[in-house]
Amino acid sequence: GGLSGYYGKGLYVKPPVAATSTTSAAAQAPDSRTKYRLGADLQGYVDVPGLGGLALKGEVIYGKDTARDFHGVAANPCNTSATWGFIVTAVQNISGDFALVGRVDRKEQLSGSIPDSCADPKVKIGADADSVLTVGGGLLYYASPNVKATFTYEHPSEQKTDLLNNKKDNDFAMAQLQARF
């Protein structure tokens with residue numbers, strides 16, 4: 001198992017936009033944030049009789065961004081938010097050179113983390129809709145100690161995205177060949 005953390009500041013500079021009657025000064029201002037991340041992970045291995053080694057791995061993370069003033073420009077409270085997520089993976093070795101893999105992960109912005117001082121209702125609706133659960137799996141083939149082929153399929157499902165009418169069909173399959181030198 002392990003623990004991880006991060007603390008720092010970020011400056012996200014937007015490309016210049018021509019000022020119009022619908023473009024506010026806040027939209028033009030640089031987005032500066034204090035941010036931190038906390039994580040924990042755990043992994044274990046066990047031999048399954050008749051099959052082979054089973055690896056179980058999991059990780060959870062929590063992060064918070066807090067908008068801050070930047071060179072006299074007031075912070076935009078709509079840029080303050082918190083996010084959490086997790087990933088769980090299982091890999092079961094079978095038949096010598098093959099393994100099956102399954103994975104579930106989730107990422108969600110916490111809608112209650114947007115301050116009441118944020119006047120943009122789309123930000124809060126977006127936070128309610130910003131949640132993705134992905135389920136996937138596949139087959140691994142170990143051609144040699146240095147070459148591995150992976151065939152996977154993932155099905156992400158956006159949660160509550162009907163609020164913004166942006167639900168997409170994002171399923172994908174991937175074939176990958178990895179070589180280690």
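Predicted model: local features only at pLDDT ≥ 70, side-chain atom pairs only at ≥ 80, totals over all residues.
1. A word on terms before we start: two strands count as paired if DSSP finds at least two bridges between them. Helices (H or I, at least four residues) and strands (E, at least two) are DSSP runs, numbered from the N terminus.

2. Residues are numbered from 1 along each chain as its sequence is written, and side-chain values use heavy atoms, with hydrogens and water left out.

3. Now the overall layout. The chain holds two helices and eight strands, and its elements follow the order β-α-β-β-β-β-α-β-β-β from the N terminus on. Of the 181 residues in the chain, 27% are buried. Here buried means under 20% relative accessible area, exposed means over 50%, and partly exposed is in between (1.4 Å probe, protein chains only).

4. You can follow the pairing strand by strand. Strands β2 (residues 31-48) and β3 (residues 52-67) run antiparallel and are joined by 16 bridges. Their hairpin has three residues between the strands, and Gly-50 takes a positive phi near 85 degrees there. Next, β3 pairs with β4 in the antiparallel sense over 12 bridges, and Lys-64 has Ala-82 in β4 as its bridge partner. Strand β4 (residues 81-94) then pairs with β5 (residues 98-110), also antiparallel, over 13 bridges. The bridge partner of Ile-94 in β5 is Phe-98.

5. Which residues lie nearest the centre of the largest pocket? They are Val-101, Arg-103, Leu-140, Thr-150 and Thr-152, out of 15 lining residues. Two or more lining residues come from each of β5, β6 (131-144), β7 (147-158) and β8, and β7 gives the largest share, five residues. The space in this pocket is about 260 Å³. By class, its lining has five nonpolar, seven polar and three charged residues. For the classes, Ala, Val, Leu, Ile, Met, Phe, Trp, Tyr, Cys and Pro count as nonpolar, Asp, Glu, Lys and Arg as charged, and the others, Gly among them, as polar.

6. A note on how pockets are found: on a 1 Å grid over the protein atoms alone, a cavity is a set of points where a 1.4 Å probe fits but cannot get out, and a pocket is an open set with protein on both sides within 12 Å along at least five of seven lines; lining residues have an atom within 4 Å of a point. Grid points are joined across faces, edges and corners, and a volume is the space filled by probe spheres set on the points.

7. The second largest pocket has a volume of about 160 Å³. Among the residues that line it are Arg-33, Cys-78, Asp-120 and Ala-127. Its lining has four nonpolar, three polar and two charged residues.

8. There are three aromatic pairs, counting rings of Phe, Tyr and Trp (its six-membered ring) whose centres lie within 6.5 Å; planes under 30 degrees apart count as stacked, over 60 as edge-to-face and the rest as tilted. One of them, Tyr-36 with Tyr-62, is tilted, at 6.2 Å centre to centre and 50 degrees between the planes. Tyr-36 lies in β2 and Tyr-62 in β3, so the pair ties together parts that are 26 residues apart in sequence. Tyr-36 is partly exposed at 29% relative accessible area, and Tyr-62 is partly exposed at 30%.

9. Lastly, Pro-145 sits in the loop between β6 and β7 and is exposed, at 74% relative accessibility. Its C-alpha atom is separated by 8.4 Å from that of Arg-180, 35 residues apart along the chain.
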